[in-house]
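Let us walk through this protein together. Keep the sequence and the 3D view side by side as you read.

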Amino acid sequence: MFSNLQFLETAQQAEYLTRELIKLKSYNGTNGENLKAQYLLDVIHSFPYFQQHREHAWTKPIEHYELERKNVFAFVKAANGTKKTIIFHAHIDTVGTEDFGSLQAISHDTDALQAYFAGYSADQDVKQDALSGEWLFGRGSLDMQSGIAVHLVNLLYFSRYPEELNGNLLVMFNPDEESQHVGMRSALTELKRLREEHSLEFTAAINDDFITPLYEGDENKYIYTGVAGKLLPCFYIFGREAHVGESVSTIDPTIIASALNLKIAQNLQLVEKIEGELVLPPSCLFLRDDKKSYDVQTAISSRLYFNYFVYEKTPKQVINELLGITKQICTEQTERQKNTYQQFCHVNAIPAKQLDWTIEVTSLEDYIHYLDNLNLHPNEAIQETYKKYNRADLDDRMLAFQIVEVLQNLDPEKKPRVIVFYAPPFLPSNYIEEDNPIYSKVKAELEKEALLVNERFQLKKYFPYLSDGSFMTFNGPEAEMISLKNNFPAMNQLFPLPLEAMKELSIPSINIGVYGKNGHNWTERVYKPYSFGVLPRLIRNVTKNLLAD
């Protein structure tokens with residue numbers, strides 16, 4: 001690969017590598033992630049520095065996961081022997097290409113897509129970008145094969161001119177960012193090993209995940225000194241079933257699920273108010289009853305979960321807030337269903353039965369205490385259920401629901417109830433305080449760069465789109481993790497959080513990203529003049545400034 005890059009300018013190198021990386025499919029959860037990891041290692045080993053120091057580039061298999069994924073590492077040692085180290089990181093995987101529809105066959109062909117979109121009249125913005133020749137299309141072009149390319153270009157640069165660095169450079173490429181963040185979570189073990197064996201001091205980590213306009217006409221380039229967090233609150237709703245001929249006597253879990261969705265999804269009242277930051281509301285990612293096939297029995301139960309961004313809220317605050325909403329909704333639905341039943345009996349001139357319309361609302365933590373008090377051994381049931389279904393072809397979220405279903409069945413009464421809990425993934429938020437010297441150095445470098453290239457940079461706290469940077473450090477009180485774990489079935493198995501490593505390493509996380517539009521969309525594209533022309537130099541200069549004495 002080096003022979004194809006050595007006579008190219010930086011921007012040309014970045015574009016060439018991006019095009020090559022787009023050609024190689026690395027969809028999340030497929031062997032493509034492994035093939036791309038090996039490809040990246042081969043590219044790095046072609047660089048002259050790594051020809052001489054092959055041991056400075058390696059892969060590390062991720063243990064205990066079936067796909068045999070691996071992280072890729074490359075290390076450029078400081079010429080002056082200092083222990084200060086900057087980390088560059090990016091993720092290998094992409095989402096799939098189903099969204100391309102009839103164009104799926106060319107979803108990795110940048111030239112074919114540009115030609116198609118140049119004649120695409122349904123979206124004038126896409127068409128004009130394609131006609132300009134300044135945008136590169138294709139799955140992963142923005143998220144984030146271009147980001148990998150920029151880090152590779154800078155790795156090549158610093159490996160050729162290590163004297164420009166007053167410190168070491170560690171580059172890592174991680175799988176599974178689009179799903180469970182297995183790559184980054186497991187990479188912390190390797191970071192600890194490197195720190196202990198070589199006495200490294202990790203100054204900061206620079207991710208270059210994509211940034212995008214936040215509104216029409218927005219030309220700002222957003223740089224982030226932290227990352228938003230994420231919770232996945234789940235609701236398992238157990239009702240009372242009946243034949244459809246007696247549906248008015250049921251406690252219908254689908255009605256409660258619908259009411260919860262209407263109350264929580266896109267509710268801006270639930271959004272944290274943080275001045276100057278883009279904050280996002282909850283989104284429903286899953287809503288389904290548990291019927292396996294058609295019959296005329298009403299649904300017994302329903303499952304519902306949300307993507308819930310967190311910035312300063314704790315898991316305990318979120319679950320308490322959601323329990324309050326759920327109790328309010330269940331109270332309203334109890335009255336509604338009771339009144340409906342009474343009206344039905346009146347209209348049909350039949351005597352009403354004495355029915356209990358109570359719907360219990362509980363957190364998983366409180367429900368486990370309830371079962372414990374009945375000597376029903378819920379914790380043993382959790383572990384047994386995990387072992388039973390762990391090898392099944394079951395999504396981790398569905399495995400969490402399966403555990404909660406087993407716990408519901410432990411209760412001899414099996415009363416109608418809503419159990420609120422958490423499932424994977426969990427991403428903690430973090431950010432760099434403004435009085436931290438790292439913040440000041442990044443800000444100063446952006447001000448210098450803005451004068452050179454006529455760009456408008458804005459420095460923000462929270463990268464809004466979820467990132468592996470969540471696992472670089474942990475800012476919150478450990479006591480809050482107790483509430484999370486108590487409401488998260490089999491958390492240590494389903495989503496082991498390397499909390500001690502995060503606290504011990506405590507690496508400030510910065511995102512200086514490639515720029516483009518429509519990430520995770522079939523019109524995904526990266527803007528070449530900034531991403532390949534400006535960004536590599538900007539990251540190099542920030543790196544040098546952060547390592548300066």
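**A walk through the chain**

Ala 349 is exposed, with a relative accessible area of 70%. That value is over 50%, so this residue counts as exposed. Find Ala 349 in the loop between helix 10 and strand 13 (360-363). Now check its backbone. Phi of Ala 349 is near 55°, which is a positive value in a residue other than glycine. Bear in mind that the model is predicted.

Turn to Leu 466. Leu 466 is not a glycine, yet its phi is positive, at about 75°. Is Leu 466 buried or exposed? Leu 466 is buried, because its relative accessible area is 16% and buried means under 20%. Leu 466 sits in the loop between strand 16 and helix 15.

Phe 463 is found in the loop between strand 16 (457-460) and helix 15 (478-486). Phe 463 has a relative accessible area of 1%, so it is buried. What does Phe 463 touch, leaving out residues up to four places away in sequence? The list is Asp 209, Phe 210, Tyr 224, Gly 226, Val 227, Ala 228 and Asn 511. Now look from Phe 463 to Arg 54. These two residues are 409 residues apart along the chain, and their C-alpha atoms are separated by 35 Å.

Step back to the whole chain. It holds 18 helices and 19 strands. Its C-alpha atoms fill a box of roughly 90 × 55 × 45 Å along the principal axes. How does the radius of gyration compare with that of a compact globule? For 549 residues, such a globule would have a radius near 24 Å; the chain has 26 Å, which agrees.

Next, look at contacts between residues at least 6 apart in sequence. Of these, 79% join residues at least 24 apart.

What about inside and outside? Of the 549 residues, 56% count as buried. The accessible surface comes to about 23,400 Å². Carbon and sulfur atoms account for 49% of that surface. Charges come next. The chain has 54 positive and 73 negative side chains. The centres of the two sets lie 1 Å apart.

Now go inside. In soluble globular proteins, nonpolar side chains tend to be buried together. Here, the largest nonpolar core has 92 residues. Which of them touch the most other members? They are Leu 170, Leu 191, Phe 235, Leu 407, Phe 421 and Leu 497. Helix 10 (residues 315-347) gives the largest share of this core, nine residues.

Zoom in on Phe 235. Set aside its neighbours within four places in sequence. Its contacts then include Leu 260, Ile 264, Phe 306, Leu 322 and Phe 401. Ser 302, Arg 303 and Thr 326 are also among the residues that Phe 235 contacts.

Finish with two peptide bonds. A cis peptide bond joins Asp 143 and Met 144, with omega at about -15°. Another cis peptide bond joins Pro 424 and Pro 425, with omega at about 0°. Look for Pro 425 in the loop between strand 14 (417-422) and strand 15 (430-431).

Technical notes: Residues are numbered from 1 along each chain as its sequence is written. This is a predicted model: local features need pLDDT of at least 70, side-chain atom pairs count only at pLDDT 80 or more; totals for chains, interfaces and linings use all residues. Side-chain values use heavy atoms; hydrogens and water are left out. Helices (H or I, at least four residues) and strands (E, at least two) are DSSP runs, numbered from the N terminus. The radius of gyration is taken over C-alpha atoms; the globule rule is 2.2 Å times the number of residues to the power 0.38. Buried means under 20% relative accessible area, exposed over 50%, partly exposed in between (1.4 Å probe, protein chains only). Contact means heavy atoms within 4.5 Å. Accessible areas come from the Shrake-Rupley method with a 1.4 Å probe; for residues, only the protein chains shown count as cover. Lys and Arg count as positive and Asp and Glu as negative; His and the chain ends are not counted. The place of a charge is taken as NZ of Lys, CZ of Arg, CG of Asp or CD of Glu. A nonpolar core is a set of buried Ala, Val, Leu, Ile, Met, Phe, Trp, Tyr and Cys residues joined through side-chain atoms within 4.5 Å.
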